[in-house]
Every structure is written in C-alpha cells, then in structure tokens.
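Please read it alongside the sequence and the coordinates.

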Amino acid sequence: MTLATGCFMAYYNVSLRENYRISEGAPLQIDTLVPVTASYAEPSDPLTYKAGDHYEVEMKMFGIIPVKSSRVEVVDPDYVAVLGTPFGIRMYTDGVLVVELCDIQTVDGKVSPARNAGIKIGDYVLSVDGVAVHSNEELATCIEDSQGASITVQLRRGKQEITVNLVPVMSAEDGLFRAGLLIRDSSAGIGILTFYAPNLEVVCGLGHAIYDSDTGGILSFRSGELVGAKIISVHKGVVGSAGELKGRLTYTPIGPLLENCKQGVYASMQCRADMENLTKIAHTQDVKSGKAQILTTLEGTTPALYDCEITVKEVKVNDTKQDMVVTVTDPVLLEKTGGIVQGMSGSPILQNGCLVGAVTHVLVDNPAVGYGLFAEVMLDTARESRTVLQNAS
C-alpha cells in the first residue's frame, strides 16, 4: 500500500458517514475526490428495497480497497412547509441560573456566602430548604427569610444535582440578608423560523441553541413559547463587527417550546399546511457544494430569496454549526446587511427545489460568510422533540 493510498483510506474513514438515507427507488451516490463505490449484500440491486428497509454496504476505493462499512436506511421523502419568517422566543429557566458571584459588604468586612458554600457560575438553583425556586424574587425571599441561619440549597450542575449549605449575611448597605449571587430567571430574543413539519406538528428555527450571555452555557428552561415578531430595522455588518436584524415581538402565539439544543429551538404547533406546496428535505449526502438561496426576512414579516454559495464540509467535526459554509453572493442582501447578521439564524437554505439547511452563524471577520446546518439534522431533532412530547402526555 502506498502512502497516498493510506492517507486517502484514513481520510475517507473519517469523512464517509456511518449512516445514510436514500429515498425508495434511488441509488446511494457518493461524491468523493477519489472514486468510492458501495458494495451491496444480497439482493445486489438496491432499487429493490422499500421504505422501511435497511441494509449494510462496504465502501471501497476504486471499487476494490475496503474503507468503511455503512448502514443505509430506505425512507419515504420528507416534506415540510419552508418559512423564513421572524419569530420571538420567551424562556423561563428551570430554576434560576447563577451568572455571577459577588462579595457582600458586612460590618465585619466583605464576604461571599455563595462562594463559601461552593456554588459556581452556571449552576441552577432549584430549591431552598425543599421549596422550589422559579424566579429571582422567590430566591431573594428565601434568603431574606433565613435571617442569617444556614439554608439548604439544591443545585443542578451540568447533569448532576448537588446540595450545599449556605449561610446568608446581612448587608451593611441596606440591612437585608444576601447570598452574593447574581441570577437570571428568563431570556428573550428573535430569530428566523426554518420549517414546519405538518406530520409532526412541530415548528423549528434558529439552527443553534440559545446560550446564556454570561455563562456561555445552553439555557435550561422550565417553560417557554415561540411568538410572532416583525423586523423593524437592519444594522449592517462590517468586518470585525457583526450586524443585526432588530425586531419587535407581536406576541401572536406560535406554540410552546419543546427543545432548546445545538440544532435550534423546537415548538409544538398545530396549523393547516398547504399540502400541495410543501418542499422536500434533501438527504444530507445529496447536498452539494454550489449555488443555493437563502430565504429570510429583512423587513416586516415577508421573506424573500437571496443568492448564495454553499460549500459542504467533507470531514465532519464534532460541531453541528459547521455542516456547510455559506457565502452570500446576492448584491441586494450584501448592500442591505453586509451578508449574514445576527437575527438571521434559522433562515432556510434552498438548493434545486429542496430544503438543504439553515443559516446558523456569521464569521465576524467576514460578514458575507457564515455556517449552516443540514435540514435533515433539524428534522431528526424535530422527531425527537415530538417523541418527548408524546411520552410526557
């Protein structure tokens, strides 16, 4: 084996997928620099498989050298209502989120009860002395009612729940008992809806999680909802400074929040979709580098299409924001926004009549360029969100 062959084998072992989906009656097509073909088990003709079937294939370079085994699932095509319209989100945290620890000035000097108790930034305060805490006001009341006696605080840190003992102190400034915590109990913002899946009754958008601006962690929520919004102005992006779509919530209900995760936000929604004008979601391996269009809203609530180029990243990294690189080429969009701006996250990306992805991030050093997430990945997350909802009901 030559060094070049070994390098290609290692490269394709990483870049080729372990799982593929194809529509009934369609062959598996693999686009690679060096020819890679799929060797099928019996029956040898993949077109004989029906939706719901799956089979294993052996990926081979030049049809000879084995590289990787993959699983192929035959599915019915998925169709969704593509949106591109603005939405607002209101989230209430699961417990209250610790965003900062601070010192309290007492008559005996400065002290930080929270830090002394072992509380850390990013913890969620769930309860005090067994009483659930849902807001800043509720936690402040529990601390004041302690009158300086030790209280038991239940926290969630990552996936763990822990209990600490905290002793509040009296502030010399106002005479109130305090713990030295700055906390947050809610969040709000706007983005762009990507699609509505009528068979799941789930709507999704954003293409990335809502993170806390202070801790950098994904916000864990107790409740939340998506509501209507409209774009009122555009702050154009320039090199070194990201632009922004500025919007206003209309508070028209869309649906209760199901999920806030790396693949976006997902909500339950019931509406009548025009089943004659739905758009097919492209299988991930069918998304090609080349010309595409972004559907987004720059004013009010009406979306429009803008030209772009997408570059599919062949080697997958453990970061869902980097499925594809999106470069805005449309002169109108470049003139109005400079390219991709904050608030545009979730904007659908269309190619050859199919929904292939959603805009997720902008590169601050080059606002004409950003990242995109595969639409099929978002649909998988929508299915998972719906399953969680069904299991809970």
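1. The model is a predicted one. Helix 5 (residues 375-392) gives the largest share of the lining of the largest cavity, namely four residues. The residues lining this largest cavity are Arg21, Asp78, Ile281, His283, Glu376, Leu379, Asp380 and Arg383. By class, five of the lining residues are charged, two are nonpolar and one is polar. The volume of the largest cavity is about 40 Å³.

2. The search of the whole structure returned two cavities of 30 Å³ or more. The second largest cavity holds about 40 Å³ of space. Its lining consists of Ile119, Val125, Val128, Leu139, Ile143, Ile151, Val153, Leu166, Ala179 and Leu181. In class terms this lining has ten nonpolar residues, with no polar and no charged ones. At least two of the lining residues come from each of strand 9, helix 3 and strand 11.

3. Helix 3 deserves a point of its own. Within this helix (residues 136-145), Leu139, Cys142 and Ile143 are buried. Viewed down the axis of helix 3, the buried residues fall within an arc of 95 degrees, and they therefore line one face of the helix. Glu137 and Asp145, on the other side of helix 3, are exposed.

4. What do the buried residues of helix 3 pack against? Their partners are strand 6 (86-101), strand 9 (124-128), strand 11 (151-157), strand 14 (177-178) and strand 15 (181-197). Glutamine 147 follows helix 3 and has a positive phi, near 55 degrees.

5. The largest nonpolar core has 24 residues, of which Val287, Ile310, Met324, Val326, Ile340, Met344 and Ile349 touch the most other members. Strand 21 (290-296), strand 22 (304-312), strand 23 (324-328) and strand 25 (354-363) each contribute at least two residues to this core. In soluble globular proteins, nonpolar side chains tend to be buried together.

6. Methionine 344 may be examined individually. Which residues is methionine 344 in contact with, leaving aside its neighbours within four places in sequence? The contacts are Ile192, Leu245, Thr296, Leu298, Leu333, Thr337, Gly339 and Val359.

7. Most residues other than glycine have a negative phi. Glutamate 201 has a positive phi, near 55 degrees. Glutamate 201 is located in the loop between strand 15 and strand 16 (202-205). Its relative accessible area is 26%, and glutamate 201 is therefore partly exposed.

8. Leucine 206 is not a glycine, yet its phi is positive, about 75 degrees. This leucine 206 sits in the loop between strand 16 and strand 17 (221-235). Is leucine 206 buried or exposed? Leucine 206 counts as buried because its relative accessibility is 7%, and the cut-off for buried is under 20%.

Key. Residues numbered from 1 in each chain as written. Predicted model: local features only at pLDDT ≥ 70, side-chain atom pairs only at ≥ 80, totals over all residues. Heavy atoms only, no water. Core = buried A, V, L, I, M, F, W, Y, C linked by side-chain atoms within 4.5 Å. Buried < 20%, exposed > 50% of the residue type's maximum accessible area, 1.4 Å probe, protein only. Contact = heavy atoms within 4.5 Å. Arc of directions from axis to C-beta. 1 Å grid on protein atoms, 1.4 Å probe; cavity = no way out; pocket = protein on both sides within 12 Å on 5 of 7 lines; lining within 4 Å. Points joined across faces, edges and corners; volume = space filled by probe spheres on them. Nonpolar A, V, L, I, M, F, W, Y, C, P; charged D, E, K, R; others polar.
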